[in-house]
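My notes follow in the order I took them.

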Amino acid sequence: MSNENRERTELASSPCSAGEAEETYMGYADSQEILAFLNLMLEAERAGAQLTLKLAEEAGSPETEHLLRHVHKDEAYCCKLLIEEIEKLDGTPSGKTGDFYGKVMALEGEAARLQLLNKGQAWVARKTRDMLPRIKNDALHARLTDMLLRHDDNIALMDRS
């Protein structure tokens, strides 16, 4: 068959134009989804910061107090990080505190509270790990990775204590 007689097939899209596709089409989160995620994490981090400060004040040993103050410092850092990133996206940082604080403080005993605190740290780490592949912005991705690594480190520290 000659080239003249072949039907010309039009491609639906060219691989060369993949870079022009909408970010959501490529699997990335849009700005509204990112802002909702960042505010959810801010509310959780705020609860964690308040909780670790309270638990440090009530700690049964100097070692536990030191550990909780270390975790508190990271929680406060993550609150600041999240507020900065929300504002960079022209969003409004949530003023709410997650209900996790009340759930932990409703428990009796330091051991039970610390165990649930660590589960909360793991929840934040899991949610962040799930969202990272959907973040296209390299700077935001790097900062959320930093937040994730801090949580992973703190989980390991608390597991050892």
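I count a contact when heavy atoms lie within 4.5 Å. The model is predicted, and I read everything below with that in mind.

**Overall layout**

I started with the secondary structure and found five helices and zero strands. From the N terminus on, the order is α-α-α-α-α. Of the 161 residues in the protein, 35% are buried. I also looked at contacts between residues at least 6 apart in sequence: 76% of these join residues at least 24 apart.

**α2 against α4**

Next I looked up where α2 meets α4. T64, L68, V71 and E75 are the α2 residues in this contact, and they meet E110, L114, L117 and Q121 of α4. I sorted the contact of α2 with α4 by class and got four nonpolar, two polar and two charged residues.

For the geometry, I noted that two packed helices are described by the angle between their axes and the distance between the axes. Helix α4 covers residues 110-131, and its axis is 13 Å from that of α2, at an angle of about 30 degrees. Angles under 35 degrees count as roughly parallel, so α2 is roughly parallel to α4. I recorded the crossing of α2 and α4 as left-handed.

**α2 itself**

I then checked the span of α2. This helix has 27 residues and reaches 39 Å from its first C-alpha to its last, close to the 39 Å expected at 1.5 Å a residue.

Which residues of α2 are buried? I listed T64, L67, L68, V71, D74, E75, C78, C79, L81, L82, E85 and I86. The cover over the buried residues of α2 includes α1, α4 and α5.

I took E85 from that list for a closer look. E85 belongs to α2, which spans residues 62-88. Its relative accessible area is 5%, and under 20% counts as buried, so E85 is buried. Leaving out residues up to four places away in sequence, I found E85 touching L38, L140 and R143.

**After α2**

I moved on to D90, which follows α2 and is found in the loop between α2 and α3 (100-105). Is D90 buried or exposed? D90 counts as exposed, at 73% relative accessibility. I noted its phi as well: near 60 degrees, which is a positive value in a residue other than glycine.

**α1 against α5**

The crossing in which α1 passes α5 is left-handed.

On the α1 side I wrote down I34, F37, L38, M41 and E45, which meet L140, L144, M147 and H151 of α5. The residues of the α1 and α5 contact come to seven nonpolar, one polar and one charged. I see that L38 and L140 are in this contact and are also touched by E85.

**L40**

Last, I looked up L40, which is placed in α1. With a relative accessible area of 39%, L40 is partly exposed. L40 and P93 are 53 residues apart in sequence, and I noted 9.8 Å between them in space, C-alpha to C-alpha.

Notes:
Residues numbered from 1 in each chain as written. Predicted model: local features only at pLDDT ≥ 70, side-chain atom pairs only at ≥ 80, totals over all residues. Heavy atoms only, no water. Left-handed = near helix turned anticlockwise from the far one by under 90°. Helix = DSSP H or I, 4+ residues; strand = E, 2+ residues; numbered from the N terminus. Nonpolar A, V, L, I, M, F, W, Y, C, P; charged D, E, K, R; others polar. Buried < 20%, exposed > 50% of the residue type's maximum accessible area, 1.4 Å probe, protein only. Axes fitted to C-alpha atoms, helices over the stretch in contact; angles between N-to-C directions. Parallel < 35°, antiparallel > 145°, perpendicular 65-115°, else oblique. Expected span 1.5 Å × (residues − 1).
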